[in-house]
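In this notebook I record, entry by entry, what I looked up.

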Amino acid sequence: MAAPLASKAGSAGTNSKPPFPELDFRSGARVEELNKLIQEFTKHDQREYDDQRALEIHTAKDFIFSMLGMVQKLDQKLPVANEYLLLSGGVREGVVDIDLDELNVYARGTDYDMDFTLLVPALKLHDRNQPVTLDMRHSALCHSWLSLRLFDEGTISKWKDCCTIVDHINGATNYFFSPTKVADWFYDSISIVLSEIQKKPQRGMPKVEKVEKNGTIISIILGVGSSRMLYDIVPVVSFKGWPAVAQSWLMENHFWDGKITEEEVISGFYLVPACSYKGKKDNEWRLSFARSEVQLKKCISSSLMQAYQACKAIIIKLLSRPKAISPYHLRSMMLWACDRLPANYLAQEDYAAHFLLGLIDDLQHCLVNKMCPNYFIPQCNMLEHLSEETVMLHARKLSSVRSDPAEHLRTAIEHVKAANRLTLELQRRGSTTSIPSPQSDGGDINQPDDRLAKKLQQLVTENPGKSISVFINPDDVTRPHFRIDDKFF
């Protein structure tokens, strides 16, 4: 970690200012320089949107929600009034714990300008007022099978073609909801709907530039005006309440105690279509606490978040081969650090460099010890399956970062600046053929849309990096239904 070369406590009658700048002991880098580099990275990484870009974001969101409404009407499998969770950042950014080795590589600037992850419940269990007990007899920790016995006969009838079937000795048949079959159905349904939509294109409709199935998620890239937006759509099972396997976590002291209520933190969780290292892909789901993480994010200081984003940019490039460490591991380490360290220390505005160096140290420590506990289920070690060869390879790569953090920060800055230049070039080329919004008749954008665009821009700039909860009725897509943390409109 960084430490001053001389004590800041001066003797009586002497100047208390240290004679030397504060340096990082390991690399010799000046902490002040590291702070400035992190600030520069943050400036380029967090884009400000004008009214036109804000309206394009809204247009793409409406298109995705309308499309999902049509998917629901296709065979009535999806809940009629569904509750989505829209997160800023794609799956590759670590916003949910899904394995990245099955995903095609997309690059910001080259393939898209903005990325989102949308969790879409295929099934909901929302009437539970007690800890939810899942069938974990066949699964690794933090994973579960899901029997449709928990649901009514109508639900079983709708979804039995997306299940694996297990016959018991007593003659009973058990249907287990299959993440792979659900993902196949979802991709096929989305493809049918998009094909129908494109047969009758409407003025101002986003251009579907790419639709791909990446493992169990569906990635859609939309062109709206001069913007390209990546949506990683994830079919999930949604629960109200809290899983029994994570009940002991609530008994511990946490950094968010007194800042947000326990009811906000444990309002719900998900099963996402991801398998453990040795699990059965057709049956096994992974527990996800994405809804809780949206709430916890409110309690993390801006300087720590800046350090996290900069560290994430470094490791995504450096540790991409073989795929063993994901940004979600780093997010878990950050949450553990928040529990471990004093809140007044983490709140220091000029400590971003200390936090960056600490996150690199933490990650290297986890690799060397092959131990990264899940934040919500600590008995689950997320690195347990890795080989000694893999963890040591990545640990050595991190050692090079720790030896020269300033150089790796400069590289991350150049990457994000290059991505922004590609985006700006596309905007310049597309400025003369910008697509109007669906509500527009091709002339000036009407007054309500203008107000909405201004409100959107205000929300985006006031809440950089925050996540958005969405409630949408597929029979009524005429109004916006979304929330950025605790702000509604």
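I began with Asp-361, which counts as partly exposed at 25% relative accessibility; buried means under 20% relative accessible area, exposed over 50%, and partly exposed in between, with a 1.4 Å probe and protein chains only. I note that this is a predicted model, in which local features need pLDDT of at least 70 and side-chain atom pairs count only at pLDDT 80 or more, while totals for chains, interfaces and linings use all residues. Residues are numbered from 1 along each chain as its sequence is written, and side-chain values use heavy atoms, with hydrogens and water left out.

**Entry: salt bridges**

I looked up the partner of Asp-361 and found a salt bridge with the side chain of Arg-402, at 2.7 Å from N to O. A salt bridge here is a side-chain nitrogen of Lys or Arg within 4 Å of a carboxyl oxygen of Asp or Glu. Asp-361 lies in helix α10 and Arg-402 in helix α11, so the pair ties together parts that are 41 residues apart in sequence. Helices (H or I, at least four residues) and strands (E, at least two) are DSSP runs, numbered from the N terminus. Arg-402 counts as buried, at 4% relative accessibility. I also noted that salt bridges with shared partners join Asp-24, Asp-361 and Arg-402 into one network.

How many salt bridges does the structure hold? I recorded 26. One of them links Glu-33 and Arg-410, whose closest N and O atoms are 2.4 Å apart. Because Glu-33 lies in helix α1 (residues 31-45) and Arg-410 in helix α12 (residues 405-430), this pair ties together parts 377 residues apart in sequence. Glu-33 is partly exposed at 29%, and Arg-410 is partly exposed at 33%.

I then examined the salt bridge between Arg-286 and Asp-99, at 3.4 Å from N to O. Arg-286 is buried at 5% relative accessibility, whereas Asp-99 is partly exposed at 35%.

**Entry: backbone angles**

Most residues other than glycine have a negative phi. I found that Gln-76, although not a glycine, has a positive phi of about 60 degrees. Gln-76 is in the loop between α2 (51-75) and β3 (82-88). Lys-370, also not a glycine, has a positive phi of about 50 degrees, and its place is the loop between α10 (352-368) and α11 (388-403).

**Entry: a loop residue**

Is Ser-301 buried or exposed? Ser-301 is buried, at 17% relative accessible area. It sits in the loop between α6 (290-296) and α7 (302-318). Apart from neighbours within four places in sequence, Ser-301 is in contact (heavy atoms within 4.5 Å) with Leu-346 and Ala-347.
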